[in-house]
Amino acid sequence: MLMAAIINGGIRDATYKPLLLPYIGRWAHQVSTIILISLFAVIIYYFIKRYKDVLTLKHTIIISTIWFFATLAFEVFMVLVLSNGTVTKMLSAYYIWKGETWVLVPLSLIILPVYFLEKLHKQT
């Protein structure tokens with residue numbers, strides 16, 4: 001999932017962000033959020049599908065919690081360490097009332113694994 005996030009950000013910055021910026025402002029990040037959640041959904045679906053026979057709801061919640069906190073830790077590292085950003089800058093990505101949609105990414109890491117596990121268990 002880390003590679004999907006890095007590739008998604010690289011493609012965003014190299015391709016459609018420069019194209020969208022003059023026309024619709026900062027919407028490239030919202031588009032990128034939708035793409036990243038979609039990529040994560042595919043990865044999570046196939047992970048859960050592969051291990052559905054041995055995964056319990058408890059295991060899935062533990063895994064999703066680890067993915068959630070690993071994502072937050074990676075974000076803290078990227079913003080505060082690598083880019084010398086501030087906590088304020090990092091937290092501003094969570095201001096959904098200002099049009100930021102990043103908060104949906106970590107939330108999807110909590111919701112999607114449980115959703116797919118339940119869906120796949122009902123199919124069998």
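Select Arg 12 and show its contacts (heavy atoms within 4.5 Å). Beyond its neighbours within four places in sequence, Arg 12 touches Lys 17, Pro 18, Ala 28, His 29 and Ser 32. This is a predicted model, where local features need pLDDT of at least 70, side-chain atom pairs count only at pLDDT 80 or more, and totals for chains, interfaces and linings use all residues. Residues are numbered from 1 along each chain as its sequence is written, and side-chain values use heavy atoms, with hydrogens and water left out.

Stay on Arg 12. Is Arg 12 buried or exposed? Arg 12 counts as buried because its relative accessibility is 15%. Buried means under 20% relative accessible area, exposed over 50%, and partly exposed in between (1.4 Å probe, protein chains only).

Now colour the helix around it. Arg 12 sits in helix α1, residues 2-24. Helices are DSSP runs of H or I, at least four residues, and strands are runs of E, at least two, numbered from the N terminus.

Next, select residues 104-123. This is helix α5, with 20 residues. Find Ile 111: α5 bends there by about 30 degrees. The bend is the angle between axes fitted to the seven residues ending there and the seven starting there. Pro 113 follows within four residues.

Show the side chains of α5. Its buried residues include Leu 109, Leu 112, Phe 116 and Leu 120. Which helices do the buried residues of α5 pack against? They pack against α2 (27-51) and α3 (57-82).

Zoom out. The protein has five helices and zero strands. Buried residues make up 30% of its 124 residues. The C-alpha trace spans about 50 × 30 × 25 Å along its principal axes.

Terms used
Expected span 1.5 Å × (residues − 1).
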